[in-house]
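Subject: Structure handover

Hello,

The structure we spoke about is below.

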Amino acid sequence: MHFGVLLLLANASSGKTDPELWKEEMELGVRLEDLGYDSVWVPEHHFDRPYCISPDPLQALTYLAAKTSTIKLGTGAIILPWWKGQTDPIRLAERISMLDALSDGRLLLGLGRGLARDEYEGFGVEMSESRERFFEAATMILDGLENGYIDHDGKYYKQIRRDVFPKPERGFRDRIYNIAMSPESTLACGDFGGTMMCFNYQHEIDKQAEQFETWRARFREKQGSEPPPPVLLDFAYCHEDAEIADRTMRNHLAPFYSAMVDHYEFDGLHFGKSKGYESYQEGATLLLESGREAGFEKFYGLQWKGTPEAMIEQMRRRIALIGEFKQMLLVSYGGLPLETVQRSLKLIADEVIPEVNKIAAEAARARTEAPVGA
């Protein structure tokens, strides 16, 4: 299985200055290669210091590209509707091509449409335009990276024909990732041909498996080929002692959860009035009614955590339900000390991942040997 880490750049309860946090997170990103992880990802967020201070994933990944040699580098994700200038798509295509050249083709391109009202307001973009803006910009960028030029006259973006430099050496159609959390985005991801990425914060794993299967079916229908393994994102923490694991993760994940709810207004009433985001209102209403304490308990119960043995068994059930998938970890939150995060990551790498890989290999073998139609 593929195991990656998404750097959160989250300053809730960290007590660190912004430069201190950035330097620690970059140090963690570099360390991931030595620990044997397959990929490191950086998000895009703006205007909210407690939640996430990561305005430019491409710039951060350029730094990591210079400090590493083999680990894959992922944007998790570039939020295209916030790049609203008419020439922004070709500027992004140029920057993407440059980073891919510098990293010898290690870039994984995650693209998203965003969810936080505050970020949309900060950039002066209507949330109701998000899906249209996303598809138009994404199509321009992918065409430019595949054909070597962009020539476009659309609703939101216009670009007279110009070549993309550095000249792209390889396309991105087979390394596009889309964050999809709603039913509509799940189908749109299949329409677009992207690998589905989903945060594990709202559904039990059996429901998550159903969502992945919906995307797989749509991908096959629209792309005419088998979909790649989807990506599941979890907050994670591992310790040999179950009580220490539980106490440590609870104490540090709780302040991040609160910052996350504030950032997205997950207990607000605006989603039902926002075109393209209506499906989020049911969850927001439930959280508003039940309260954040109950909401955190549900959220906490979904994450990948505990002793190595507990994490292995949790993953065994996921593999049985989901089939082949990639696992991404979110490991630095709520002021967890860097050495604590690194110790957890090393324990996962040394004791959990090897056993999970055996389980995944056995499951793949069983699927291959199963009779047709079984």
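The largest pocket is lined by 29 residues, and those nearest its centre are Tyr201, Gln202, His203, Gly283 and Lys298. A pocket here is an open set of points on a 1 Å grid over the protein atoms alone, where a 1.4 Å probe fits and protein lies on both sides within 12 Å along at least five of seven lines; a lining residue has an atom within 4 Å of a point. Two or more lining residues come from each of α6 (183-192), α7 (205-223), α8 (242-264), α9 (281-290) and α10 (292-302). Of these, α9 gives the largest share, 6 residues. Helices are DSSP runs (H or I, at least four residues) and strands likewise (E, at least two), numbered from the N terminus.

This is a predicted model, in which local features need pLDDT of at least 70 and side-chain atom pairs count only at pLDDT 80 or more, while totals for chains, interfaces and linings use all residues. Residues are numbered from 1 along each chain as its sequence is written, and side-chain values use heavy atoms, with hydrogens and water left out.

The space in the largest pocket is about 860 Å³, taken as the space filled by probe spheres set on the grid points, which are joined across faces, edges and corners. Its lining has 14 nonpolar, 10 polar and 5 charged residues. Nonpolar covers Ala, Val, Leu, Ile, Met, Phe, Trp, Tyr, Cys and Pro; charged covers Asp, Glu, Lys and Arg; the others, Gly among them, are polar.

The second largest pocket has a volume of about 180 Å³. Its lining includes Glu213, Arg216, Arg220 and Arg367, along with Pro227, Pro228, Pro229 and Pro230. Here α7 gives the most, with 3 residues, and the lining divides into 5 nonpolar, 1 polar and 6 charged.

There are 0 disulfides (pairs of cysteine sulfur atoms within 2.5 Å). Cys189 is in none, the nearest cysteine sulfur being that of Cys198, 10 Å away. That distance is too far for a bond. Cys189 is buried at 2% relative accessibility, and Cys198 is buried at 0% (buried is under 20% relative accessible area, exposed over 50%, partly exposed in between, with a 1.4 Å probe and protein chains only).

Finally, Thr75 lies in strand β3 (residues 72-75) and is buried, at 0% relative accessibility. Its side chain reaches the backbone nitrogen of Gly110 at 2.8 Å.

Regards

Definitions and conventions: Polar contact = N/O pair within 3.5 Å; in protein donor to acceptor, adjacent residues only side chain to side chain.
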